[in-house]
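The following note sets out, in numbered points, what can be read from the model shown below. Comments are arranged by region.

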Amino acid sequence: FIKASVLAGENYEDEMLPVTGQSFSGKSSFEMLQDVRKTLPIYSYRDQLLKAIEDHQVLVIVGDTGSGKTTQIPQYLHEAGYTKHGKVGCTQPRRIAAMSVAARVAHEMGVKLGHDVGYSVRFEDCTSEKTVLKYMTDGMLLRELLGEPDLASYSVIIVDEAHERTLSTDILFGLVKDMARLRPDLKLLISSATMDAEKFSNYFDAAPIFIFPGRRFPVDVSFVAAPEADYLDAAIVTVLQIHVNEPLGDILVFLPGQEEIENVEETLKNKIRGFGTKIRELIICPIYANLPSEIQAKVFEPTPEGARKVVLATNIAETSLTIDGIKYVVDPGFCKIKSYNPRNGMESLLVTPISKASAMQRSGRAGRTSPGKCFRLYTAYNFENDMEDNTVPEIQRTNLASVVLALKSLGIDDLLNFDFMDPPPAEALVKALELLFALGALNKLGKLTKVGRKMAEFPLDPMLSKMIVASEKYMCSDEIISIAAMLSVGSYIFYRPKDKQVHADNARLNFHTGNVGDHIALLKVYNSWKETDYSTQWCYENYIQVRSMKRARDIRDQLEGLLERVEIKVSTNFHNLDLVRKSIVAGFFLHTAKLQKDGSYRTAKHPLTVHIYPSSGLSQVVPRWVVYHELVLTSKEYMRQVTELTPNWLVEIAPHYYQLKDVEDGASKKLPKATGRAMA
Ligand code: ADP
Ligand code: MG
């Protein structure tokens with residue numbers, strides 16, 4: 001076959017351009033922003049790019065991070081008239097990137113966010129009838145496909161940050177590839193920061209590749225001589241050394257997650273305070289997915305003259321977000337990734353060494369506006385010998401139940417022959433089918449059931465969706481959606497300041513009176529807050545994160561709307577908590593564990609030794625049987641969000657999965673009989 005390759009322009013000559021945000025006398029801020037847009041590397045290729053898009057239905061676009069792909073291409077398409085007959089949709093792997101980029105583009109276009117430019121992320125739709133440029137998470141586009149299988153309202157789909165290879169992006173690849181054949185008028189752009197271009201091009205029937213050079217300044221990369229015992233300590237020391245010894249310029253530190261960021265933030269603050277006025281100002285800006293948007297916006301504010309900014313970021317700053325002014329990168333070499341064991345169905349979030357490709361992206365962040373330095377807190381030997389070349393695509397290391405359910409409801413039944421760019425392990429597909437079968441979402445032939453159809457309406461993990469659908473039978477959907485909303489917010493409900501830990505713990509235990517279990521405690525928190533008319537003061541008094549509660553309320557509102565859509569009546573049953581517990585078991589009967597003689601627990605299926613999470617209300621109660629929401633692996637395998645159950649319920653609720661002998665005393669070692677396999 002012939003592969004058309006569009007290689008645009010010549011190499012960019014290194015020249016200093018006006019610093020972003022600098023004022024040009026006599027110009028309005030709107031005009032100034034337009035000037036800034038013109039300084040982005042992609043601007044020189046605007047016309048060539050538009051020509052290539054006009055000439056080809058599918059185009060792979062490759063350009064360095066920060067060169068303007070995400071913010072500019074949709075605007076170019078708008079300026080060129082593509083939005084006259086449909087929207088431009090641009091997917092992002094991360095919700096915070098979708099929100100922040102949409103805000104930036106609305107600003108550049110001088111429009112209100114949510115009008116011409118909007119975003120759509122799970123549980124938050126900031127778009128209107130007028131919206132023509134729509135940023136969204138890849139997962140949201142997948143959900144939109146359920147309602148609009150031909151994407152008729154779009155004229156262009158940009159699958160952005162394709163190199164991230166998230167699960168949803170990989171599934172989208174297969175779906176939009178098909179769609180492009182069905183709809184010759186639809187333009188499809190696959191945009192990526194790294195050079196996997198060939199692979200994308202091959203997958204999309206030899207689509208042409210449009211590569212444009214970015215602007216890169218040399219980055220001086222150094223490794224540590226010997227492995228660091230504690231990478232967080234090492235990161236803190238490195239930041240301070242840079243701050244004291246190196247010329248001005250901002251620092252970007254990559255950390256695995258929120259917890260590590262909060263730790264480093266606190267330690268750094270204390271150390272800086274210790275130095276007093278001996279050193280210049282160091283502004284600390286954390287950035288991670290759960291951070292409220294006002295604080296997120298802070299990282300983009302220019303650093304005041306004479307001061308230095310240190311950005312503590314997750315992977316999000318690797319390619320999704322570009323922060324100007326970074327001159328130093330501190331890279332401990334770790335990230336948090338999901339890993340899934342299809343053999344026992346266990347999923348955990350693990351701090352893992354990054355890939356070489358990630359390490360290169362990270363160091364590249366130091367050389368965007370001037371020469372920079374990257375401090376790798378691992379040895380050159382580690383880099384060469386221990387790091388993988390590329391991160392394994394998510395599809396090969398995750399639980400597939402949720403996407404299998406989505407695909408089934410799109411009418412795609414033959415999953416083993418789905419056109420995957422990199423197929424998931426067959427074992428993981430079978431496991432997902434088995435899980436959906438066990439939950440009653442699929443029948444023995446692998447076809448979607450009525451229950452499955454209802455479950456697919458909820459943008460939640462299938463177990464949570466099943467819990468909600470089952471609440472109809474137990475007449476407690478009102479309670480169950482509150483619990484589902486609280487669980488979806490994650491583990492950031494209770495606030496525990498270091499100097500008031502005892503007060504905070506007491507406040508938390510109040511909700512556990514009667515050893516009701518963590519799910520019901522969450523429900524009590526929600527209901528109590530509601531009774532105070534959603535009072536902020538009440539949250540402070542009870543050491544509860546207001547932000548998380550507001551988010552839970554939003555999510556709950558949406559779940560209530562979805563209940564209506566699947567025609568489940570909202571009924572309440574707070575006085576019969578056993579019914580609420582039974583609904584939970586109906587969704588999570590695969591997540592049960594039985595107490596062992598030594599005080600640990602053993603999961604009922606695929607026996608694994610687990611423990612109740614120390615902050616659980618049941619950690620001192622140790623009931624005989626429990627149902628848990630999730631497992632987290634830290635020093636041990638912990639069950640988080642735990643509720644007691646009566647073993648007979650398992651036989652009553654999931655007779656296809658549990659038999660009496662499985663739940664009777666002394667039978668805990670016996671494995672339940674294998675269930676029927678749903679057909680792929
Ligand atoms: P790419 O997608 O090629 O990585 P982007 O379009 O995201 O590049 O970014 C282009 C430029 O836009 C960045 O260099 C940055 O200066 C600016 N930018 C992007 N998002 C924001 C934001 N939220 N606030 C301020 N500036 C931003
Ligand atoms: Mg981008």
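This is a predicted model: local features need pLDDT of at least 70, side-chain atom pairs count only at pLDDT 80 or more; totals for chains, interfaces and linings use all residues.

1. The UniProt record, an unreviewed entry, carries the annotation "domain: Helicase ATP-binding" for residues 50–213. Across residues 50–213 the chain is 40% helix and 25% strand.

2. Packing of α5 on α6. Helix α5 spans residues 138–147 and helix α6 spans residues 167–182; their axes come within 8 Å and cross at roughly 40°. Because angles under 35 degrees count as roughly parallel and those from 65 to 115 as roughly perpendicular, α5 is oblique to α6. The crossing of α5 with α6 is left-handed. On the α5 side, Asp138, Gly139, Leu141, Leu142 and Leu145 take part, and they meet Ser168, Thr169, Ile171, Leu172 and Leu175 of α6. The residues of this contact of α5 with α6 comprise six nonpolar, three polar and one charged.

3. Packing of α8 on α9. The axes of helix α8 (residues 231–245) and helix α9 (residues 258–275) come within 10 Å, with a crossing angle of roughly 45°. That angle makes α8 oblique to α9. The crossing of α8 and α9 is right-handed. From α8, the contact draws on Leu232, Ala235, Ile236, Val239 and Leu240, while α9 supplies Glu260, Asn263, Val264, Thr267, Leu268 and Lys271. By class, the contact of α8 with α9 has seven nonpolar, two polar and two charged residues.

4. Packing of α18 on α22. Helix α18 (residues 477–489) packs against helix α22 (residues 546–565) at an angle of about 135°, and the axes are 8 Å apart. Since only angles over 145 degrees count as roughly antiparallel, α18 is likewise described as oblique to α22. The crossing of α18 and α22 is right-handed. Residues of α18 in the contact are Ser477, Ile481, Ser482, Ala484, Ala485, Met486, Ser488 and Val489; those of α22 are Ser548, Arg551, Ala552, Ile555, Arg556, Leu559, Glu560 and Leu563. The contact of α18 with α22 divides into nine nonpolar, four polar and three charged residues.

Terms used:
Residues are numbered from 1 along each chain as its sequence is written. Chains are lettered from A and ligands numbered from 1 in the order in which they are written. Axes are lines fitted to C-alpha atoms, for helices over the stretch in contact, and angles run from 0 to 180 degrees between N-to-C directions. Helices (H or I, at least four residues) and strands (E, at least two) are DSSP runs, numbered from the N terminus. A crossing is left-handed if the near helix is turned anticlockwise from the far one by less than a right angle, and right-handed if clockwise. Two residues are in contact if their C-beta atoms, placed from the backbone, lie within 7 Å. Ala, Val, Leu, Ile, Met, Phe, Trp, Tyr, Cys and Pro count as nonpolar, Asp, Glu, Lys and Arg as charged, and the others, Gly among them, as polar. UniProt positions are given in the numbering used here, feature names are shortened, and annotations may be inferred rather than shown by experiment.
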